[in-house]
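Hello,

Here is the structure I promised to pass on. Please open it alongside this note; my findings follow below.

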Amino acid sequence: MGKRELRQLSKAELYQRATEHEVPGRSKMSREELVDALTRAGRGRKKSAA
């Protein structure tokens, strides 16, 4: 999921995804910080899977 799609989600949905990706510090992140962290998490995940 790209940044554009993530921006369409609510903060609660972003937080849930951050929990699933085990993003550190997610409880103190703003909505935009969650979007950035999830974008980075998604990129790292794709590289490790390939």
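A helix here is a DSSP run of H or I with at least four residues, and helices are numbered from the N terminus. Bear in mind that this is a predicted model.

Overall fold

By that definition the protein has three helices and zero strands. Read from the N terminus, the order is α-α-α. The chain holds 50 residues, and 22% of them count as buried. The accessible surface is about 3800 Å². Carbon and sulfur atoms account for 49% of that surface. For contacts between residues at least 6 apart in sequence, 29% join residues at least 24 apart.

The loop between α2 and α3

Helix α2 covers residues 11-20 and helix α3 covers 31-49; Pro 24 sits in the loop between them. Is Pro 24 buried or exposed? Its relative accessible area is 66%. Exposed means over 50%, so Pro 24 is exposed. I also looked at its distance to Ala 37, which is 13 residues away along the chain. The C-alpha atoms of Pro 24 and Ala 37 are 9.1 Å apart.

Salt bridges

How many salt bridges are there? The count is two.

Take Asp 36 and Lys 3. Their side chains form a salt bridge, at 2.9 Å from N to O. This pair links distant parts of the chain: Asp 36 belongs to helix α3, and Lys 3 to helix α1, residues 3-6. The two are 33 residues apart. Asp 36 has 25% relative accessibility and counts as partly exposed. Lys 3 is partly exposed as well, at 33%.

Now Arg 7 and Glu 32. Their side chains also meet in a salt bridge, again with 2.9 Å from N to O. Here too the pair links distant parts of the chain. Arg 7 lies in the loop between α1 and α2, while Glu 32 is in helix α3. Their separation is 25 residues. Arg 7 has a relative accessibility of 41%. Glu 32 has a relative accessible area of 33%. Partly exposed covers the range between the buried limit of 20% and the exposed limit of 50%, so Arg 7 falls in that class. Glu 32 is partly exposed too.

In short

Best regards

Key: Residues are numbered from 1 along each chain as its sequence is written. This is a predicted model: local features need pLDDT of at least 70, side-chain atom pairs count only at pLDDT 80 or more; totals for chains, interfaces and linings use all residues. Side-chain values use heavy atoms; hydrogens and water are left out. Buried means under 20% relative accessible area, exposed over 50%, partly exposed in between (1.4 Å probe, protein chains only). Contact means heavy atoms within 4.5 Å. Accessible areas come from the Shrake-Rupley method with a 1.4 Å probe; for residues, only the protein chains shown count as cover. A salt bridge is a side-chain nitrogen of Lys or Arg within 4 Å of a carboxyl oxygen of Asp or Glu.
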